[in-house]
Amino acid sequence: MKLLTFQKWRQSEIMNLMEQMVDPKMNYNSIPVCEEHDNGGYDFRIQVNTTENTSRYVIFSQDSQRLYVKPHENVTIDCFYKVKMPIQPLNVRITPIYSTDTSDPVRRCQNHISKDNEPNELIRNSLLRCENLGAVYHGSDTGKSIRDRYSVVVPLNAAVKAGDNGIHLKQQLIIHFTCNNSCMNRKPTSVLFLLETNSGDILAQRLLTVKISTCPKRDQKLYERPSGSKRRPVGDPDFSTTERKIPKYDDTCVKDEFSRSSYGDPSDDDTNGGGNNMTNGADCGESNVDVVLDHKTGEYKLTLKYKTRHQMLEVLRLLYSNAVSNEVFYKTAVNGKRTRDTEHLKRCYEKTLRLKLD
């Protein structure tokens with residue numbers, strides 16, 4: 001009898017040890033990790049709810065599984081979990097983390113905090129807000145563990161059947177963010193959704209990568225540029241879209257090259273025999289630049305005289321590139337489309353780059 005009791009006790013201990021090895025328990029006293037799991041067997045998952053009524057400042061990419069969102073824009077998250085016996089109260093804890101450094105707590109910038117009229121200091125300091133009833137805010141600036149970081153805990157007490165024969169329940173969460181990624185040194189940011197018990201045991205964990213900015217559509221284009229797209233030559237402005245800023249050219253070297261003190265010095269083109277027959281030491285004065293109006297056609301003709309082919313092409317390139325930049329910045333940034341002048345300048349600029357002189 002004693003032997004049989006000892007064998008049952010030993011089997012029970014072995015089973016408990018195996019369960020601990022297969023199903024390690026985590027709680028909110030631990031430091032968050034940037035991974036997903038379902039240790040509790042609840043088949044817990046999240047889904048960004050994007051419908052026709054979704055704001056144009058909330059974009060979820062199915063390809064990269066990334067959320068692009070503007071601050072203070074509500075995002076609806078559907079939480080699904082399986083009905084499991086014995087039924088116990090469950091919560092979802094939502095907390096932002098840095099994807100590349102989970103040990104560093106995520107904090108709001110002081111600039112946005114000072115402009116926030118929220119009377120509750122704990123809510124005012126939180127990057128993430130939740131509009132659900134019963135949401136409870138936690139955390140502090142010095143928090144390291146999940147429990148001590150800024151987070152929002154929402155009880156799953158308003159779940160409904162998900163429509164799959166009652167196997168899963170669904171509850172919607174409405175969240176928004178209060179700062180940009182640029183406020184956090186542009187660190188990659190994610191949001192953890194933790195399925196927890198009332199005692200703090202973490203049953204499942206899901207991850208959502210987010211990019212918070214004032215222009216989500218622009219960021220989606222920049223982050224998800226096609227892999228087979230051709231790279232532009234160095235220094236060549238990008239005319240493919242008016243939403244991307246065209247780099248400002250540094251014309252310091254051009255100014256120095258065409259100054260009165262350095263114009264008479266021979267260049268590489270002269271030493272190689274590529275220069276013209278203009279006299280050395282000639283000044284870049286008014287006689288080298290001439291503008292003539294053709295009264296019949298109404299067109300203006302600009303005449304530029306430079307000592308070398310290289311100098312002339314550099315000036316033309318700089319003139320057209322700056323003209324195109326100004327056209328895009330001041331005429332198309334507001335209207336969102338390019339004008340006929342922009343297209344004409346673009347063709348002139350491309351023709352100048354292909355120009356070859358004997």
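Buried means under 20% relative accessible area, with exposed over 50% and partly exposed in between (1.4 Å probe, protein chains only). Strands (E, at least two residues) and helices (H or I, at least four) are DSSP runs, numbered from the N terminus. This is a predicted model: local features need pLDDT of at least 70, side-chain atom pairs count only at pLDDT 80 or more, and totals for chains, interfaces and linings use all residues. Residues are numbered from 1 along each chain as its sequence is written, and side-chain values use heavy atoms, with hydrogens and water left out.

Strands count as paired if DSSP finds at least two bridges between them. Strand β1 (residues 26–27) runs antiparallel to β13, joined by two bridges. Here Met-26 stands opposite Ile-202. Strand β4 (residues 66–69) pairs with β13 in the parallel sense, over four bridges. Tyr-68 has Lys-211 of β13 as its bridge partner. Strand β12 (residues 189–197) is antiparallel to β13, with eight bridges. Thr-189 is bridged to Val-210 of β13, and Phe-193 stands opposite Arg-206. In the hairpin of β12 and β13, three residues lie between the strands, and Gly-200 takes a positive phi near 100 degrees.

## Strand β12

Nine of the nine residues of β12 are buried, so this strand too is largely enclosed by the rest of the structure. Thr-189, Val-191, Phe-193, Leu-195 and Thr-197 point one way. Ser-190, Leu-192, Leu-194 and Glu-196 point the other way.

Strand β6 (residues 90–98) also pairs with β12. The two run antiparallel and share nine bridges. Ile-94 has Phe-193 of β12 as its bridge partner.

## The largest nonpolar core

A nonpolar core is a set of buried Ala, Val, Leu, Ile, Met, Phe, Trp, Tyr and Cys residues joined through side-chain atoms within 4.5 Å. The largest one has 38 residues. Leu-67, Ile-94, Ile-175, Phe-177, Phe-193 and Leu-195 touch the most other members. Strand β13 (residues 201–212) gives the largest share of this core, five residues.

## Two buried loop residues

Gly-40 is found in the loop between β1 and β2 (45–48). Its relative accessible area is 11%, so Gly-40 counts as buried. Not counting residues up to four places away in sequence, Gly-40 touches Lys-84 and Leu-203. Gly-40 and Glu-196 are 156 residues apart in sequence, yet 9.5 Å apart in space, C-alpha to C-alpha.

Asn-125 lies in the loop between α3 (121–124) and β7 (128–130). Asn-125 counts as buried because its relative accessibility is 11%. Beyond neighbours within four places in sequence, Asn-125 is in contact with Arg-108, Ile-113 and Tyr-150.

## Cavities

The structure holds two cavities of 30 Å³ or more. A cavity is a set of points, on a 1 Å grid over the protein atoms alone, where a 1.4 Å probe fits but cannot get out; lining residues have an atom within 4 Å of a point. Grid points are joined across faces, edges and corners, and a volume is the space filled by probe spheres set on the points.

The second largest cavity holds about 30 Å³ of space. Thr-95, Pro-96, Pro-105, Val-106, Ser-140, Arg-149 and Tyr-150 line this cavity. By class, the lining has four nonpolar, two polar and one charged residues. Ala, Val, Leu, Ile, Met, Phe, Trp, Tyr, Cys and Pro count as nonpolar, Asp, Glu, Lys and Arg as charged, and the others, Gly among them, as polar.

## The whole chain

The protein chain has eight helices and 15 strands. Of its 358 residues, 35% count as buried. Among contacts with a separation of 6 or more, 66% join residues 24 or more positions apart.

Conventions:
Contact = heavy atoms within 4.5 Å. 1 Å grid on protein atoms, 1.4 Å probe; cavity = no way out; pocket = protein on both sides within 12 Å on 5 of 7 lines; lining within 4 Å.
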